Amino acid sequence: MKHSLEVKNLHVSIDGQAILKDFNLTVPKGEVHALMGPNGTGKSTLAKVMAGHEDYTVESGEVLLDGVNILGQEPDEISHAGLFLAFQYPMEIPGVSIANFIRAAKQARLPEGEEINAIEYYKDLYAKMDALKMDRKFTARSLNEGFSGGEKKRCEILQMAMLDPKYCVMDETDSGLDIDALRIVSEGVNHMRSEHRAFLVITHYQRLLDYIVPDVVHVMFDGRIVHSGDKELAKELESKGYDWVKEAFATASA
Amino acid sequence: MSDTDLQDQAIQVDTEKGNFKYPENYEFDAGLGLNEDTIKYISDVKDDPDWVREFRLNALEVFQKKPMPTKWADKDLENIDFDKIRYYLSKGQQPARSWDEVPDDVKETFERLGIPEQERKFLAGVEAQFDSEASYSRMKEDLEKDGVIFVGSSEGLAEYSEIFKPYFGKVIPTADNKFSALNSAAFSGGSFIYVPKGVKLKQPLQAYFRINAENFGQFERTLIIADEDSEITYMEGCTAPKFETTTLHSAVVELVALKNAKIQYITVQNWSSNVFNLVTKRGMADEGAEVKWIDCNIGSRLTMKYPGVVLKGKGARGEVLSIALANEGQHQDTGAKMMHLADNTTSNIISKSISIGKGRSTYRGQVHMPKHLKDCKNNTECDALLINTNSRTDTYPAITTRGQNNTVQHEASVSKVSAEQIFYMMQRGLSEGEAMSLAVNGFVNELMKAFPMEYSVELKRLIDMEMEGSVG
Ligand SMILES: Nc1ncnc2c1ncn2[C@@H]1O[C@H](COP(=O)(O)OP(=O)(O)O)[C@@H](O)[C@H]1O
Ligand SMILES: [Mg+2]
């Protein structure tokens, strides 16, 4: 069995328009990979396709979780298989408290008839909220409703920590975070790094990668990865700008 | 999870819990159809006093004369074939005071519905009606000592007529609408309750209305009188098995809260999808009194129900808190009426409706504050939640206000559970049904905090079952 998240020759379109074009990527357990690229290049599309969103048409290719193709599975099955997506734009769920939502998500992973231990659950929840410097009062608030951008992102990381996934895909978690929040969230993520878990960190800016130091950096342009390197690549990208990517790789991808 | 999928998969209404029936075995059966003989048969079986016989026959005439309200209401009403319904079915025995004396099939029915268990846990008294008559009726002894009366409609009118007759048919006159007339002609069963001055019931009384027979109409009649400074909470629950044929449920519920009394009336309705549920409910609140309706409508084919409060005395308060869930093929036509007839009266209406698939919800509100009144207040909030784009929701608020220092506040909202919200929740591991259920629970959550605990637990369970059943 392969211990990795593997995307193979993935072609995805929406409304007849090709978005991912022969996309390939392997993130082994224990590693953190960063995926960078200009707006509109297909990063969020990749994330949602992996999570089983049905608006996108998969023309061909595979997404393998530990060697098992998850394309075509329902989003909840993919979640149970161990993939977590921290959304770029988390949804508001009015009237459903954070505590109840995470509890329901954890409960959904238990076998029929087994109940969550409420005392342990709250202990765990509070500890993780404390680590993320979230006010405990937040547990009673409706999920994401009226949250600031930064609060939403923190709440995504809280859910990620609580659900203990094997593969974490974080879509622009840094956007909307001020520098303090960025540090706190990054600490939360770093704390979760382990040989049993892999991260795909999608970001537009190098800034986040000062805190979550990646093993590999991929540059994406026009629906595919055009260049990969170590963490220095992110810095190079930052100084040269995305225009450099366009110039250097436009011909390659055409 | 496309819209069409959602629709295809949408909810088989039956919360399986209520969907079972026992073979029919009745001593008294008024037969199919409704005419004078049917009514006389019912009166004979019940040994009605003369004034009740006349009351029924007069009501029959009113019913026959009144047109169906299809001018404004759902045309589906025309599909009720009054000749294909049985108006009275009973096993003939008096209500038992111990579950051991209840016939086995009936006892098992109520056990499956959890009634004896609830009685032990938190109720002050229970009446369990099986088709036309109560099979079981019992109240805690200390309440009897306090002078509380808790009986069926026939017993109430025959044995306590000095108490009940002055109010019977007064809050809701026979001619109020076609279905109140039908009930006034054919009524049977229901609860007649009198709470003496100053007596405050700590636990609720409960009635459970069970329809077992096919082609049947259930017409229970309830009258609750809370004397000065008394308090009572009454809960009713209802279920029926799912039949191919039409079942009719047409109740009349009258509440009378005398000076400074409080009545809270709670309904947990969970009808199968072949039931026409056409119910008239109204309370009268005297000076300083309070009438509160908590009304939850799940299931049925068509429900028409607009609980109301007549705020008759100074400082009276009225409240309607309602939740309606309209599933595929259902129409929940609900609302509230507040009639302000005295100064300084306040009313509050909060209505939450959920429409799924082609399910349809309608809110009809009426708030009446005549010109000569002072310092009256009404607050109305009606919120609709749509689960998929084809659901339909309509609101018809009618507010007539004039006068000094009277305030009316009206808020309405329509929101949707979007495919993106469902995707978000499923990404966290919830099934589609669990995700929808959570969204619905979130929508009614705030309102449910105003409900007694036992009731919110039951309601949450019903919503979960309803939503779980909605997807594959
Ligand atoms: N649901 C959608 N409907 C139509 N077009 C979409 C949809 N989602 C993404 N796209 C298009 O796909 C392309 C890639 O978008 P996206 O994956 O969000 O890029 P990124 O996350 O890299 O900014 C864009 O051109 C965008 O307009
Ligand atoms: Mg994006």
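Because the model is predicted, local features are limited to residues with pLDDT of at least 70 and side-chain atom pairs to pLDDT 80 or more, whereas totals for chains, interfaces and linings use all residues. Residues are numbered from 1 along each chain as its sequence is written, chains are lettered from A in the order in which they are written, and side-chain values use heavy atoms, with hydrogens and water left out.

**View 1. The largest nonpolar core and the surroundings of B:I354.** A nonpolar core is a set of buried Ala, Val, Leu, Ile, Met, Phe, Trp, Tyr and Cys residues joined through side-chain atoms within 4.5 Å, where buried means under 20% relative accessible area, exposed over 50% and partly exposed in between (1.4 Å probe, protein chains only). The largest such core has 170 residues, and A:L10, B:L205 and B:I354 touch the most other members. Its largest share, 9 residues, comes from helix α11 (residues 432–448) of chain B; helices (H or I, at least four residues) and strands (E, at least two) are DSSP runs, numbered from the N terminus. Leaving aside neighbours within four places in sequence, B:I354 has contacts (heavy atoms within 4.5 Å) that include B:L325, B:L385, B:V440 and B:F443.

**View 2. The interface of chain B with chain A.** Here 18 residues of chain B are in contact with 33 residues of chain A. The buried area, which is the accessible area (1.4 Å probe) that two parts lose on being put together, summed over both, is about 2,100 Å², with carbon and sulfur atoms giving 63%. Of the area that chain B buries against chain A, B:F423, B:Y424 and B:R428 supply 37%, more than any other three residues. The count of salt bridges (a side-chain nitrogen of Lys or Arg within 4 Å of a carboxyl oxygen of Asp or Glu) between these chains is 1, and the side chains of B:R428 and A:E156 meet in a salt bridge at 2.5 Å, N to O.

View 3. An automatic or database domain assignment divides chain B into domain 1 (14–305) and domain 2 (306–416), whose C-alpha centres lie 24 Å apart. The area buried between these domains is about 2,400 Å², of which carbon and sulfur atoms give 46%. In domain 1 of chain B, the residues that lose the most area to domain 2 of chain B are B:W293, B:N297 and B:K305, together 20% of what that side buries. The rule finds 3 salt bridges across this interface, while the side chains of B:E290 and B:R317 meet in a salt bridge at 2.9 Å, N to O.

**View 4. Salt bridges within the chains.** In chain A, A:D66 forms a salt bridge with A:K166, the closest N and O atoms being 3.4 Å apart. This pair links distant parts of the chain, 100 residues apart, with A:D66 in the loop between β4 (57–65) and β5 (68–69) and A:K166 in the loop between α5 (149–163) and β9 (167–171). A:D66 is buried, at 7% relative accessible area, whereas A:K166 is partly exposed, at 31%. In chain B, the side chains of B:R221 and B:E254 meet in a salt bridge at 3.2 Å, N to O, and both B:R221 and B:E254 are buried.
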